[in-house]
Each structure stands twice: as C-alpha cells, then as structure tokens.
Amino acid sequence: MRKSTGYVMMGIGFTLGIVLGLLIQLPVITLPTSGRGQGDLGLDLVGSELDIRKKALTSELNNGDLNQDLRNGEGLNRITQNYPLRGLKHSLHSVVYPTNNGSKSHLQEKSVPIPDITPDYRPQSGNQPVDSPPATGLDIPKQGKRGVDWVKAVSDMVDGIVWTSSLENSCKTRQSDQEQKQWREKSTRSKVVKMSEGCGRMQNRLLMLSDGTRACARYRLNTDQIQGEIYSFYLGKLLRINNLLPTVLSVVNSHSDNWRTVHTEMANAQWSDNKVVVITQWSGGLNPAYIPIHLRGDDRALFPTSGELGDMGACELMQWSDLIVFDYLIANLDRVVNNIHNKQWNSQMMESPAHNLERDTDGNLIFMDNESGLFHGYRLLDKYSSYHTSLLDSLCVFRNSTASIIERLHLSGNVGEELHETFVREEPAHSFVPTIPKKNMKILQQRVGDVYEQIQHCRVRFM
C-alpha cells in the first residue's frame with residue numbers, strides 16, 4: 001500500500017515539475033528599447049525618444065502664436081512640419097533598387113523600412129560627449145528653440161533663392177571634370193579581361209578592365225535608350241551637375257584587341273559585333289536614397305521658407321534641387337516620377353527609396369540609369385507631364401551655378417546645338433550614334449524655358 005502511494009506521489013510530483021517548467025519557458029513579450037539595434041524596423045519610438053518629442057511638442061503647444069494658429073485652423077501644418085513622426089511600421093511594398101549600378105548583385109527585391117529620421121546623439125568615439133551633434137562641416141547651433149538641436153533650417157543655408165556659397169564649399173564633390181575625363185580615356189584604351197553578370201537585367205554586363213578596375217556595360221537593341229543614356233550624361237556636364245557616373249561609348253568587336261579576351265562571354269551574352277554599348281564607371285558601397293520630407297506630400301515644397309532640413313543634411317538636400325531640374329529637362333520617368341505614379345497603389349511609396357537613385361558613403365547622390373531621358377520620356381509627356389510639373393513647381397531653391405547656366409541656355413536659345421557640339425567634341429565614338437532630332441532639341445529648349453520661368457517666379461516671390 002505504501003509502495004503504491006509512493007508511486008502516486010512521484011507521478012504527481014513529476015507532472016507538476018513539467019507544468020512548472022513549461023510556465024517558466026513561455027515567451028515574454030518586451031517593448032523595444034530606444035536604442036537602434038540589429039534588425040531595427042523603425043519600431044523604437046518609445047522611452048526617452050518619446051519623452052523628448054512630447055516635451056518639445058508640449059512646449060510648442062504652450063506657444064501663444066501656435067495656439068492662435070490652431071484656432072485659425074493653421075497650426076496643424078506647423079506641428080506636422082516641425083515634428084514629423086516616423087512611421088511605426090515598415091513599408092510592405094516590395095521595392096526593387098540597385099545595389100551596384102542597377103543590378104544584381106543584381107536587383108534585390110525586399111521590403112524597405114521607413115528611414116529613422118530622429119537625430120542620433122550617441123557618441124561616435126570616446127572623445128565625443130553624448131549630447132554633441134554629428135560633425136557636418138557646417139556651423140551648427142548647439143542650442144535651438146527646442147534645446148539641443150543640430151538640424152538647421154533651410155533658410156539658414158539660402159541666400160535669396162540660391163544655396164549659399166559657404167554651403168557649397170563645405171560639401172564634398174564626387175569627382176572633378178578632370179577625374180571623369182581621365183577615367184573615360186582610360187576605359188576606351190583598356191582591354192576587357194573579364195565579363196560577367198552584375199550590372200542589371202537583360203544583357204548588361206560587369207566588366208573587369210586590364211588595370212583591375214570595373215565598369216558596367218549597358219547593351220541595348222533599342223538605339224534611343226543608348227542615346228538617352230549618353231546624351232543625358234553630356235547634358236549633366238553642360239549643367240555642371242556631377243552626380244552622374246562617368247560614361248563613355250564603346251563599339252564592341254570580338255576580334256579587336258580590347259574585346260578578344262572575352263569573346264566567349266560576349267557570345268554567351270548574345271552580344272553582336274559592331275554594336276555600341278554604354279560604359280559606366282562601377283561604384284561600390286552604395287545605399288538607397290530617400291525622398292526629402294519636403295517633397296513627399298501632395299503639398300510638396302522646397303522653398304527658402306520650408307523650415308528644417310528634416311531627415312537629411314543640407315548637402316544632400318542641395319543635390320535634390322539639381323535632381324529636380326535635371327529630371328525635368330530630360331523628362332525622366334524612372335526616378336521620383338516612378339514613386340509619385342505608384343503612390344496610387346501604395347500610400348507609403350514616397351517613404352520608399354527613390355528609384356534609380358543611390359547615395360555613396362560621402363553623402364553624394366548618384367543619378368543612375370537615365371536611358372529614358374530626352375527620347376522615350378519625351379514621347380510620354382502627355383501621360384506624365386503633370387508629375388514633372390508638380391516637382392518643378394515645388395522647387396524654389398537652386399544651386400547658383402545651375403540657375404546661371406539655365407539662364408544662359410534660355411537666352412541663347414541653342415541648348416540642343418550646344419549639347420550636340422559637346423557630345424561630338426568629347427565623345428570618341430560619337431559617329432556611331434544618331435544625333436538628337438530637331439524635335440527633341442525643340443522640346444529640350446522649351447523645358448529649359450520652363451525652368452527659367454520657375455526661377456524668375458521664385459525671385460519675385462522670395463526676394
């Protein structure tokens with residue numbers, strides 16, 4: 001009897017032990033900390049960060065002017081502009097963006113989180129205090145109306161309707177004209193020793209040159225895509241916008257010294273001899289670029305009075321003013337217009353990376369894949385012109401040199417001829433590509449006039 005009772009007690013004890021063990025192992029749900037660790041999806045708007053924003057917003061609400069604005073129905077815009085809330089969930093839209101010049105490594109499809117636009121005051125080294133702003137090369141005030149505040153206002157960087165010369169001088173440039181010229185000359189002389197996938201879809205190829213440098217070759221059966229890419233590059237040079245990668249034409253021939261080593265790879269890629277390809281400098285370490293908060297909404301505006309810089313530095317925002325001008329001139333469909341157009345199917349599209357736009361480690365934007373410019377984009381103006389116009393109308397801050405060149409090209413009335421002359425003078429293989437049709441030159445001149453009129457409109461409004 002005692003033996004049976006002992007067995008029963010042992011069984012009960014064993015069962016209780018199992019149940020207790022399961023309770024101990026149940027998962028515990030914890031709130032994320034305010035720090036940004038691995039796998040951060042923008043869900044850390046809690047703790048000290050929320051307290052900072054709450055205090056700042058409370059201070060703003062206590063301001064008599066804002067309370068008056070709220071009664072007038074105008075204060076909400078000020079709150080939204082001054083304290084843009086980071087999205088509390090990441091975008092579910094699968095965005096395709098290039099990792100290396102548009103490509104495979106190749107094109108990667110992933111859900112892209114909304115970027116964290118909150119200043120990160122954590123020290124980058126042992127000598128940097130916790131509350132010090134990151135180094136930017138600019139004269140940043142340590143105290144603002146909201147306490148520690150390194151985000152300067154757009155108006156602090158603008159002289160009239162142009163970015164200040166001190167801002168331009170403080171920003172790193174990607175490459176000088178001389179460096180671009182040297183690369184282009186070298187690429188036309190060098191032998192191609194290896195050819196592989198890695199520069200985008202279809203028949204594009206990643207090239208290894210004899211000196212070890214890499215380049216991307218864009219092979220297209222459609223001639224106007226080749227024209228669009230190369231003429232857009234030279235228009236960038238004409239405007240002194242150096243955000244385009246060095247680009248040059250090359251005529252492929254499996255029997256020539258430059259291409260003989262990779263004749264088998266050319267055959268596998270179904271390349272034909274005597275075809276013109278666009279060779280572009282390969283650039284590594286690139287990251288997606290996001291559209292500034294000033295340009296995301298339907299009320300988009302980048303004006304001298306646009307408030308704070310938002311989620312990016314002044315140097316990057318300055319490049320966005322050039323991008324808007326450049327994309328309007330070439331009627332580029334495949335960058336910001338792509339995001340605006342697709343917003344009708346995905347409300348968070350403007351928070352996703354801008355299409356065909358990359359950012360290097362120095363903060364320089366790279367305007368990639370411009371093959372729709374000046375040709376295909378012009379054929380679709382009736383369908384997409386409203387998007388181009390809305391972006392141009394939103395801009396009233398310009399780089400001084402860009403505004404001056406636009407004025408000169410408008411008054412001369414011969415932008416098409418000047419572009420063609422530059423192309424013929426500097427492009428070794430220019431004779432293998434048709435010239436720009438007069439119809440396209442006329443459209444380009446009209447669009448230069450549109451930008452000129454926008455500059456004059458901004459001068460009247462803000463000067």
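This is a predicted model: local features need pLDDT of at least 70, side-chain atom pairs count only at pLDDT 80 or more; totals for chains, interfaces and linings use all residues.
Helix H12 spans residues 381-393, and its buried positions are Leu-381, Tyr-384, Tyr-387, His-388, Leu-391 and Leu-392. An α-helix has 3.6 residues a turn, so residues three or four places apart point the same way. The cover over the buried residues of H12 includes helices H9 (314-330), H10 (336-342), H11 (376-379) and H15 (438-462). Within H12, His-388 has a relative accessible area of 3% and is therefore classed as buried. Beyond residues up to four places away in sequence, His-388 is in contact with Asp-327, Tyr-328, Ala-331, Asn-332, Leu-333, Val-337, Leu-381 and Arg-447. For His-388 and Ala-331, a sequence separation of 57 residues goes with a C-alpha to C-alpha distance of 7.0 Å.

Strand E13 (residues 353-359) is largely enclosed by the rest of the structure, because 5 of its 7 residues are buried. Strand E12 (residues 287-290) runs antiparallel to E13 and is joined to E13 by 3 bridges; Asn-287 has Arg-359 of E13 as its bridge partner. E13 also pairs with strand E14 (residues 365-367), again in the antiparallel sense and over 3 bridges. Here Glu-358 is partnered by Ile-366 of E14. E13 and E14 make up a hairpin with 5 residues between the strands, and Gly-363 in the turn shows a positive phi of about 85°.

The model contains 17 salt bridges. One of them joins the side chains of Arg-359 and Glu-316, with an N to O distance of 2.7 Å. Arg-359 belongs to strand E13 and Glu-316 to helix H9, so this pair ties together parts 43 residues apart in sequence. Arg-359 is partly exposed at 31% relative accessibility, whereas Glu-316 is buried at 7%.

A salt bridge also forms between Lys-186 and Asp-211, whose closest N and O atoms are 3.2 Å apart. This pair links distant parts of the chain, with Lys-186 in helix H6 (residues 177-189) and Asp-211 in the loop between strands E8 (205-209) and E9 (214-218), 25 residues apart. Lys-186 is partly exposed, with a relative accessible area of 24%, and Asp-211 is partly exposed at 41%.

Asp-298 and Lys-343 meet in a further salt bridge (3.5 Å, N to O). Asp-298 lies in the loop between E12 and H9 and Lys-343 in the loop between H10 and E13, 45 residues apart. Asp-298 is exposed at 69% relative accessibility, while Lys-343 is partly exposed at 25%. Finally, a network of salt bridges links Arg-218, Arg-220, Glu-229, Asp-369 and Glu-371.

Technical notes:
Residues are numbered from 1 along each chain as its sequence is written. Side-chain values use heavy atoms; hydrogens and water are left out. Buried means under 20% relative accessible area, exposed over 50%, partly exposed in between (1.4 Å probe, protein chains only). Helices (H or I, at least four residues) and strands (E, at least two) are DSSP runs, numbered from the N terminus. Contact means heavy atoms within 4.5 Å. Two strands pair if DSSP finds at least two bridges between them. A salt bridge is a side-chain nitrogen of Lys or Arg within 4 Å of a carboxyl oxygen of Asp or Glu.
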